[in-house]
Amino acid sequence: MSKQKSIENLNNHKVNTLSKLDRYLDSLISSNDQRIRGKADKLCYWLEDYIKFLEYEPHFDSSRLRRYKRGEIIKVHLGYNIGSEEGGLHYCIVIDKNNSIHSPVVTIIPLKSVKSDNKYKQNPNL
């Protein structure tokens, strides 16, 4: 954990960070490439979701979570992908044998649908 900072240091850090974020988002939005502009939209959604999670965290009580069974299919928000990570809403299979209601962690495997242009569907021997 970092050392405690004064309110003035925290405010300076906030201003610098928001300034960098603003410049970065402006550079994405001003791009001629639609995929790059899409990154600005995803980043804004990610920030909004992350703020919601942070605001909810003090009220979160893992003991009130439902207990999942191995093999159960559930819908999970996997966050936003970086690189080749899975991200977004996905159906997943629970692989925990006995997940405790006191644990905020559930081990899952994300599922991916096979699209008609997927090479694995066209050639099942791959």
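Helices (H or I, at least four residues) and strands (E, at least two) are DSSP runs, numbered from the N terminus. The model shown is predicted: local features need pLDDT of at least 70, side-chain atom pairs count only at pLDDT 80 or more, and totals for chains, interfaces and linings use all residues. Residues are numbered from 1 along each chain as its sequence is written, and side-chain values use heavy atoms, with hydrogens and water left out.

**View A. The open sheet of three strands.** The strand order is E1-E2-E3, with antiparallel pairing (two strands pair if DSSP finds at least two bridges between them). Strands E1 (73-77) and E3 (108-110) each have a single partner strand and stand at the edges, so one side of each lacks a neighbour in the sheet.

**View B. The pairing of E1 with E2.** Strand E2 comprises residues 89-94 and is joined to the antiparallel E1 by five bridges. Opposite Leu89 in E2 stands His77.

**View C. The largest pocket.** A pocket is an open set of points on a 1 Å grid over the protein atoms alone, where a 1.4 Å probe fits, with protein on both sides within 12 Å along at least five of seven lines; lining residues have an atom within 4 Å of a point. Of the 15 lining residues, Phe60, Leu65, Val76, His77 and Pro104 lie nearest the centre of the largest pocket. E1 contributes the most to this lining, with four residues.

**View D. The second largest pocket.** Thirteen residues line this pocket, and Lys42, Leu43, Tyr80, Asn81 and Ile82 are the closest to its centre. Helices H1 (7-29) and H2 (34-56) are the elements that give two or more residues to the lining; H2 gives the most, with four.
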